[in-house]
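Here's a quick briefing to read alongside the model.

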Amino acid sequence: MNVSVADDAAWPEGLSENGLRVLVVDDNRQSAMTLKWAIEGWGDEVLACYDGPTALQIAREFKPEVILLDIGMPGMDGIAVCQALRAAHETRSVKIIAQTGWGDDAMRRKTAEAGFDLHLVKPVNFDVLGEMLALLRLMPRG
């Protein structure tokens, strides 16, 4: 798998001081681990898992600030996971980014209605993801 990660020079120094807690959820283990390693390279603390029920458990314990969530997972799909996260008090305000092969307007509407904050189309563009996370690092955290 070819992975293109933006040059380190594009990222502010001291990034790890402002690092985010990120949870990557994707039933494709290779995809999940590639995202995990890339995000760790930007100075964030990252965990990865491969199914919806595990994602809900980890989210309660790890308390991520950002979740990258695959939509098309078997069993409990990303839409159901997002809705469960939004319904729970302790995960209601986490930033949730859909990552999916579907980028049409109908799917974007569906993810927005389910409670996703942002929508990325696979294969994930690491420059775009990096910019999203850089902006989230600047936001007030509570």
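Lys63 sits in the loop between helix 2 (52–62) and strand 3 (66–70); helices (H or I, at least four residues) and strands (E, at least two) are DSSP runs, numbered from the N terminus. Its phi is near 55°, a positive value in a residue other than glycine. Lys63 counts as partly exposed because its relative accessibility is 47%, where buried means under 20% relative accessible area, exposed over 50%, and partly exposed in between (1.4 Å probe, protein chains only).

One caveat before going on: this is a predicted model, so local features need pLDDT of at least 70 and side-chain atom pairs count only at pLDDT 80 or more, while totals for chains, interfaces and linings use all residues. Residues are numbered from 1 along each chain as its sequence is written, and side-chain values use heavy atoms, with hydrogens and water left out.

**Overall layout**

- The chain has five helices and five strands, and along the sequence they follow the pattern β-α-β-α-β-α-β-α-β-α.
- Of the 142 residues, 45% count as buried.
- Taking contacts (heavy atoms within 4.5 Å) with a separation of 6 or more, 64% are between residues 24 or more positions apart.

- Five of the five residues of strand 3 are buried, so the strand is largely enclosed by the rest of the structure.
- Val66, Leu68 and Asp70 point one way from strand 3, while Ile67 and Leu69 point the other way.
- Strand 1 (residues 21–25) runs parallel to strand 3 and is joined to it by four bridges; two strands pair if DSSP finds at least two bridges between them. Val25 is the residue opposite Leu69 here.
- Strand 4 also pairs with strand 3 in the parallel sense, over five bridges, and Ile67 stands opposite Ile96.
- Strand 3, helix 3 (residues 78–87) and strand 4 form a right-handed β-α-β unit. Right-handed here means that, with the strands pointing away from the viewer, the path from the first strand over the helix to the second runs clockwise.

**Asp70**

- Asp70 lies in strand 3 and counts as buried because its relative accessibility is 4%.
- The UniProt record (an unreviewed entry) places "modified residue: 4-aspartylphosphate" at Asp70. UniProt positions are given in the numbering used here, feature names are shortened, and annotations may be inferred rather than shown by experiment.
- Leaving out neighbours within four places in sequence, Asp70 is in contact with Val25, Asp26, Asp27, Gly78, Gln99, Thr100 and Lys122.

- Strand 4 (residues 95–100) and strand 5 (residues 118–121) run parallel, joined by four bridges, with Thr100 opposite Val121.
- From strand 4 the chain passes through helix 4 (residues 105–114) to strand 5, and this β-α-β crossover is right-handed.
- The peptide bond from Lys122 to Pro123 is cis, with omega near -5°. Pro123 is in the loop between strand 5 and helix 5 (126–138).

**Nonpolar cores**

- The largest nonpolar core has 22 residues, and Leu23, Val25, Ile67, Leu69 and Phe116 have the most contacts inside it. Such a core is a set of buried Ala, Val, Leu, Ile, Met, Phe, Trp, Tyr and Cys residues joined through side-chain atoms within 4.5 Å.
- Strand 1, helix 2, strand 3, helix 3, strand 4 and helix 4 each supply at least two residues of this core, with the largest share, five residues, coming from helix 2.
- Leu23 has contacts beyond four places in sequence that include Leu47, Ala55, Ile58, Phe62 and Ile67.
- A second, separate core has 20 residues, among them Val24, Val46, Ile97 and Phe126.

**Leu133 in helix 5**

- Leu133 lies in helix 5 and counts as buried because its relative accessibility is 0%.
- Leu133 and Val66 are 67 residues apart in sequence, yet their C-alpha atoms are 8.4 Å apart in space.
- Not counting residues up to four places away in sequence, Leu133 touches Leu20, Ile39, Trp42, Asp44 and Val66.

**Cysteines**

- The structure holds zero disulfides, a disulfide being a pair of cysteine sulfur atoms within 2.5 Å.
- Cys49 counts as buried because its relative accessibility is 3%, and Cys82 counts as buried because its value is 0%.
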